Amino acid sequence: MSATKPFAIDKWLVYEAYQAVKANAGSAGVDKESIGDFEKDLKGNLYKIWNRMSSGSYFPPPVKAVAIPKKNGGERILGVPTVADRVAQTVVKRVIEPGMEAKFLPDSYGYRPGRSALDAVGVTRERCWKYSWVLEFDIKGLFDNIDHALLEKALEKHVECEWAMLYIRRWLTAPLQQADGTRVERTRGTPQGGVVSPVLANLFLHYTFDVWMTKHYPDNPWCRYADDGLVHCRTEQEAQALMAALDARFAQCALQMHPDKTKIVYCKDGSRKGRYPVTQFDFLGYTFRPRVVKNSKRNSLFVSFTPAVSNKALTAMRATTRKLSYRNRTELSLADISRLHNPILRGWLAYYGRFYRSAMYPVFRHFNKTLVAWAMRKYRRLKGHKIRASRFLEQLSEKKPYLFVHWQKGMAGAFA
């Protein structure tokens with residue numbers, strides 16, 4: 001360290017941060033500089049970041065406001081930092097995250113290394129079998145409403161690095177620049193889209209919810225993925241009391257439960273009797289509800305409260321296939337379509353096919369029908385002959401199942 005460089009920051013850390021930013025891709029910020037533009041003077045740009053962060057003179061530029069549509073309507077505002085700022089944020093994230101990870105609780109799954117949404121779905125499935133009731137909650141506008149004073153108290157407990165704290169404070173108050181160029185000053189929240197924001201949000205909810213639940217309701221298992229959470233209860237009355245207590249707790253921390261996305265659910269199955277208005281909920285792209293499943297050991301059927309891909313996710317997947325418009329792309333061969341779409345199908349199957357895989361059939365059938373439409377346009381002998389085109393592809397799926405992942409998995413399904 002020196003008078004001009006009061007903070008000792010390893011240059012290699014800055015380079016590793018850049019590699020992580022490049023791997024995550026992402027669009028340009030307010031300076032309109034893409035990753036490709038940034039790389040034109042990579043050495044100089046990385047040196048500039050290191051030099052300014054080491055001297056304490058790094059000030060983040062405004063965050064670019066980008067509106068993206070929500071699945072249930074409306075818009076969500078993302079804050080997109082510049083490429084250089086994403087590198088700087090990644091440097092700080094890599095310094096502060098290990099210490100926080102050591103303190104975070106095992107039932108917090110969102111934005112954490114080594115934990116996934118599928119882990120959260122799996123543990124929730126098992127708990128729904130053990131507990132008859134679930135309180136499902138969603139925090140309204142979490143990233144926009146985090147109280148800076150409360151967050152700083154939490155940060156002071158976990159972040160000993162002086163320069164990391166300095167830059168976190170600056171990021172928290174960096175203005176949001178809208179499409180027309182106007183800037184909005186920020187006194188609360190942390191931009192959804194920032195590299196360091198998920199870590200900060202998890203820290204805030206660690207004290208707002210995770211630790212509080214463990215202290216006051218140790219007998220009620222819970223699971224949280226970012227701002228979506230579940231608490232398992234034994235009775236409806238217990239769930240109602242807990243919802244009231246949690247509502248008050250969030251208000252205490254300047255947050256609010258989403259009124260439309262928070263509900264109490266009865267985990268109805270073959271052995272749980274009684275009629276209740278709400279017997280299903282959505283969590284991380286899965287719908288939990290009563291379903292007929294097979295007991296392979298006894299070779300019998302029974303009703304279980306279990307997850308399968310949600311209708312919203314099915315609709316989104318079909319929309320993706322439609323948007324790619326393969327049916328009109330007659331310049332492509334089937335091998336070309338396989339190369340382009342197989343990675344997408346593989347990703348869908350890996351995530352949404354983990355539990356109750358047969359619920360994925362509508363997606364695969366829709367894609368197969370897209371191939372039928374493509375074949376009818378591609379080959380003159382199949383034009384206007386839907387049944388013939390369907391048989392052609394069905395026979396091909398048997399001869400060359402390696403072409404598409406669902407053909408390989410014995411899930412080719414119907415073509416007509």
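Predicted model: local features only at pLDDT ≥ 70, side-chain atom pairs only at ≥ 80, totals over all residues.
Residues are numbered from 1 along each chain as its sequence is written. Local features need pLDDT of at least 70, side-chain atom pairs count only at pLDDT 80 or more, totals for chains, interfaces and linings use all residues, and side-chain values use heavy atoms, with hydrogens and water left out. Helices (H or I, at least four residues) and strands (E, at least two) are DSSP runs, numbered from the N terminus.

Strand 1 (residues 63-69) is joined to strand 2 by 6 bridges in the antiparallel sense, and Ala65 stands opposite Gly79 in strand 2.

Another open sheet has 3 strands in the order 9-10-11, with antiparallel pairing. Strand 9 (281-283) and strand 11 (300-309) each have a single partner strand, so one side of each is left without a neighbour in the sheet. Strand 10 (residues 286-295) and strand 11 run antiparallel and share 10 bridges; Val292 has Val303 in strand 11 as its bridge partner. Helix 5 (residues 117-130) lies across strand 9, strand 10 and strand 11, at about 145° to strand 11.

**The helix pairs**

Two packed helices are described by the angle between their axes and the distance between the axes. Axes are lines fitted to C-alpha atoms, for helices over the stretch in contact, and angles run from 0 to 180 degrees between N-to-C directions.

| Helix pair | Angle | Axis distance |
|---|---|---|
| Helix 12 (residues 334-352) and helix 13 (residues 361-378) | about 170° | 12 Å apart |
| Helix 4 (residues 83-101) and helix 8 (residues 162-173) | roughly 135° | within 10 Å |

The angle makes helix 12 roughly antiparallel to helix 13 (over 145 degrees; under 35 counts as roughly parallel, 65 to 115 as roughly perpendicular and the rest as oblique). In their contact (heavy atoms within 4.5 Å), residues including His341 and Trp348 of helix 12 meet residues of helix 13, among them Phe367 and Trp374.

Helix 4 and helix 8 are therefore oblique to each other. Asp85, Ala88, Gln89, Val91, Val92, Val95 and Ile96 in helix 4 meet Trp163, Ala164, Tyr167, Ile168 and Trp171 in helix 8.

Technical notes. Pairing = 2+ DSSP bridges.
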